[in-house]
Amino acid sequence: MTTIPNFDITSDLKVEFFLPDTSDNAFIIGISTLGSAAVLSSGNLFIIGESLLGGANILGGGGEQAFTWQNLSCTVNKAVIENGGSIQDQLYFQPEPAAASITLQTYSYDPSVNTAFRPGVPVRIKLVKDAVDQIIWSGVIDSIGGSYTINGQNLLQLTAYDSMKQLLNTRISSFDSSNVDGYVSPLEQLELIATQFGTSISALSKTAEGRIPSQTLTQVIPAELITEAIQVGLGLFWIDSATQEFVFIPRPDPSILPDFPVGGGYFTLGSSLLGGIDVLGSGQIVYTIGNNHSTQYHLCMTDISTLSSSDEVFNSLRVDLKSDTDTFVVQENVDSISLYGTYAKDVTLNTTDVTELERWSDLVFNQSPTDLVQNIETLTLDRLGNLTEAAFLLPGELIGVDFSQDILSILDYYTITKVSHYLDSNNWLTTLDLWKEA
């Protein structure tokens with residue numbers, strides 16, 4: 001994805017709702033009222049005594065022919081959308097439904113006036129400009145609140161969530177991960193859940209190390225199974241807005257990352273030279289955010305927040321095997337304990353054996369209280385009217401923080417855990433929640 005020049009939020013950003021087509025007076029069960037302008041049969045609807053069973057006509061009741069995606073951007077006062085999650089105990093990712101808070105200024109779509117505009121209506125936010133036609137957020141309305149003033153002004157505050165909310169609260173009929181090996185990988189476990197949920201694994205996903213014991217379950221809420229896959233695979237998980245597929249990305253291994261180059265820039269591992277092409281991995285560009293404008297893939301910073309807290313640091317870690325709590329491993333930093341006392345974390349992991357416990361604890365055990373950047377903000381619509389790459393950043397991606405002021409210098413890689421966009425008619429700001437694993 002590249003920068004999009006001359007981007008106009010009011011025309012190039014579409015906030016669309018899946019609503020009855022007002023050009024067709026179809027009678028829609030649950031929405032239309034008797035005596036209204038809506039009729040029981042119009043367009044390609046089924047007409048009693050004329051249409052044939054099996055024909056192209058349908059029996060009116062809200063089929064897709066009666067609904068269209070309608071752009072209500074002109075009524076949008078502001079919107080805040082976010083995708084990602086948080087970090088649990090500074091150890092692993094905790095997924096959260098992707099959320100949208102949208103403020104409308106309209107009476108036409110007030111639920112008290114328009115019975116079609118209500119919780120459950122699908123909503124999506126799209127970028128449509130030149131060759132770009134991309135959904136950056138999608139979900140369904142969860143709640144609608146209205147406020148009114150004596151001078152006739154009104155605001156509708158919509159809260160919407162993506163299908164993650166349904167996933168974490170649904171029940172799937174069966175889950176069977178049994179095989180000859182007696183275990184599955186984290187991605188394989190998520191794929192079994194995806195199939196039962198009616199979707200699939202996104203091509204964005206990557207495999208991760210880790211073994212989860214096989215099991216057979218019926219009528220199960222999948223939230224715990226998803227958490228197991230995230231914990232064991234040390235990954236980040238969300239649902240792709242455009243395809244509704246599951247995305248699982250293992251967090252980067254800090255031990256294989258190159259040193260942050262002085263003056264900004266990045267490298268293709270094993271191939272780039274100083275001054276060469278600035279990419280990380282197999283052709284993947286990694287952007288930096290900060291106040292160093294000389295970096296090739298630079299995004300301008302507007303704000304940065306850091307936090308150093310005892311809650312973010314532990315020096316004693318015990319990891320128990322879920323199937324046998326007498327099997328566990330302990331890692332401790334003796335020097336840190338002698339200086340500061342013990343800050344302990346206990347984790348129960350659903351994996352296969354002590355070898356897997358040791359592998360997992362080696363990856364997560366760290367005691368660094370420095371460089372704890374919590375979040376960083378950037379101008380997604382820059383001062384020249386260009387839409388920057390920040391509009392397309394996703395959880396699980398790496399971002400470089402390149403900030404220096406007086407004697408303070410922060411030069412390092414971080415993993416994006418949540419992407420939050422603030423939009424109004426003139427501004428687009430993106431805040432990235434960041435995680436430094438080690």
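Is Thr75 buried or exposed? Thr75 is buried, with a relative accessible area of 11%; buried means under 20%, exposed over 50% and partly exposed in between, using a 1.4 Å probe and protein chains only.

## About the model

This is a predicted model, where local features need pLDDT of at least 70 and side-chain atom pairs pLDDT 80 or more, while totals for chains, interfaces and linings use all residues. Residues are numbered from 1 along each chain as its sequence is written, and side-chain values use heavy atoms, leaving out hydrogens and water.

## Around Thr75

Look for Thr75 in the loop between strand S2 (67–71) and strand S3 (76–88). Strands (E, at least two residues) and helices (H or I, at least four) are DSSP runs, numbered from the N terminus.

Leaving aside residues up to four places away in sequence, Thr75 touches Thr103, Leu104, Gln105 and Thr106; contact means heavy atoms within 4.5 Å.

## Helix H6

Now find helix H6, residues 354–364. Its buried residues include Leu357, Trp360 and Val364. Among the elements that the buried residues of H6 pack against are helix H4 (223–233) and strand S17 (324–332).

## Aromatic rings

Rings of Phe, Tyr and Trp (its six-membered ring) pair if their centres lie within 6.5 Å; planes under 30 degrees apart count as stacked, over 60 as edge-to-face and the rest as tilted. The structure holds nine aromatic pairs. One of them is stacked: Tyr107 and Tyr148, 6.3 Å centre to centre with 20° between the planes. Tyr107 is in the loop between S4 and strand S5 (122–129) and Tyr148 in strand S6 (residues 132–148), so this pair ties together parts 41 residues apart in sequence.
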